[in-house]
Amino acid sequence: SPAARAPDTIAAIATAPGRGGVGVVRVSGAALSAFAQALCGREPQPRRAHFTRFADAAGQAIDEGILLYFPAPASFTGEDVVELQGHGGPVVMQLLLERCLELGARLAEPGEFTRRAFLNGKLDLAQAEGVADLIEASTAAAARSALRSLSGKFSEEVRRIVDALIDLRMLVEATLDFPEEEIEFLERARALPRLEGIRSELEGLLDRARQGALLRSGLNVVLVGAPNVGKSSLLNRLAGEERAIVTDIAGTTRDALRETIQIEGIPLHIIDTAGLRDTADTVERIGIERTWREIERADVILRLVEADASDEVVGDTIDTRLPAGAVRVTVVNKIDLGDGQAAREDDAGRVRLRLSARTGAGIELLRAELLRIAGWHAHGEDVILARERHLQALREALAHVAAAAEQCAALELFAEELRLAQESLGEITGEFTADDLLGVIFSRFCIGK
Ligand code: GDP
Ligand code: ZN
């Protein structure tokens with residue numbers, strides 16, 4: 001329900017836990033001038049840095065730092081926002097936060113600041129998701145395309161298509177009263193060419209969004225092969241200089257069995273199955289089970305063999321649990337011991353790459369193969385960091401546009417399909433989004449965002 005009453009005041013530590021030079025407590029609510037004054041002892045000037053001493057209720061100093069006051073609506077959330085910058089220690093931050101709670105704030109829920117920004121029209125939903133995706137980006141390329149979503153580029157393109165749909169709908173609906181002229185009307189208004197234009201715009205956007213989804217989630221690669229065939233060496237060689245910045249993202253605990261590297265900014269989550277055989281330690285069982293579940297979701301299986309050995313040597317339990325749907329590539333390693341000729345051989349879709357992890361010969365063939373399997377063909381700046389839900393909405397919109405093209409003899413149905421396409425696109429920006437979906441989206445944000 002639209003909030004008739006003023007929003008309550010929320011507060012959270014916005015900086016990462018742990019120690020840092022500076023830590024930030026962020027507060028958002030209605031009419032926070034008095035709140036800020038209680039913290040810094042004078043009336044705060046909008047958007048000015050106030051160097052001040054933060055005191056507790058008894059007047060005892062907690063910390064010295066900067067207070068910033070952003071009156072509504074010119075703030076991140078669109079409400080009054082107060083930001084306290086103190087020394088970035090966990091105890092100091094906790095005390096500052098508690099002081100804010102004493103002054104009447106309550107603890108913010110995950111993503112609540114961004115949710116308020118969305119509800120106040122500061123950001124649309126795709127932009128809000130861009131905020132979270134930028135924070136969680138695991139490669140520089142992913143971060144750049146998250147920033148494009150955050151700054152509204154994705155939403156702009158969605159809106160452009162929505163506008164084209166609306167124009168066409170208006171035309172169609174204006175003639176619904178003259179049924180005998182329907183067919184003629186469609187021809188005169190060039191409705192079908194226009195619909196075709198919308199369809200090709202949508203397809204282009206979906207393609208770029210798919211590329212972005214790839215940047216976001218990457219590819220799962222499993223390395224299999226006998227001991228000493230060169231799995232670890234190949235992994236190191238592939239990682240090269242581009243080892244991913246792997247961060248401690250909530251919910252994705254790192255473990256020794258899985259390593260993330262990147263090729264052209266695409267995260268490759270690589271599991272070296274050797275790690276699975278090496279241990280029977282019960283403590284590691286849980287990690288191993290998790291790894292098995294990831295193996296069952298693999299996109300690519302790289303099977304390593306040595307240049308002079310036969311292919312089908314590994315007939316153990318790993319084979320039976322490898323997903324049938326994954327793309328399989330045989331890598332013939334250690335060609336430096338033989339003729340040294342790197343090559344890609346394609347025998348009716350069964351690809352074999354001959355390379356050397358030691359010398360690096362043929363590694364570029366493997367990189368190209370992985371990019372090809374991923375379906376990566378984008379050129380940097382166009383990519384949109386999309387989520388599965390965005391892809392889904394774009395696919396639905398496309399289906400309705402295609403259905404409209406089939407209905408050109410019945411204008412009501414034609415118009416209805418256009419309306420449905422528009423509604424699907426509206427889900428991306430949040431114009432037609434159910435409250436419970438919003439809850440799910442924002443609950444995955446970190447606290448303080
Ligand atoms: P893993 O057990 O499959 O992980 O194999 P390693 O990567 O640990 O490699 C086993 C041995 O093979 C090491 O001595 C490596 O130096 C060697 N090795 C790996 N790749 C090559 C290669 O391309 N050429 C040669 N000559 N030796 C290699
Ligand atoms: Zn190894």
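**A walk from the ligand to the sheet**

Helix α9 (residues 231-239) gives the largest share of the shell around ligand 1, namely 3 residues. Helices here are DSSP runs of H or I with at least four residues, strands are runs of E with at least two, and both are numbered from the N terminus. What you're looking at is a predicted model, where local features need pLDDT of at least 70, side-chain atom pairs count only at pLDDT 80 or more, and totals for chains, interfaces and linings use all residues. Residues count from 1 along each chain as its sequence is written, while chains are lettered from A and ligands numbered from 1 in the order in which they are written.

Back at ligand 1, 16 residues surround it (C-beta atom, placed from the backbone, within 6 Å). The closest are Gly230, Lys231, Ser232, Ser233 and Arg358. The shell splits into 5 nonpolar, 7 polar and 4 charged residues.

Ser232 sits in helix α9.

Six strands form an open sheet in the order β3-β4-β5-β2-β1-β6, with mixed pairing (a pair needs at least two DSSP bridges). β3 (50-55) and β6 (106-107) stand at the edges with a single partner strand each, so one side of each has no neighbour in the sheet. Strands β4 (residues 61-70) and β5 (residues 80-88) run antiparallel, joined by 5 bridges. Leu67 stands opposite Leu84 in β5.

Definitions and conventions
Nonpolar A, V, L, I, M, F, W, Y, C, P; charged D, E, K, R; others polar.
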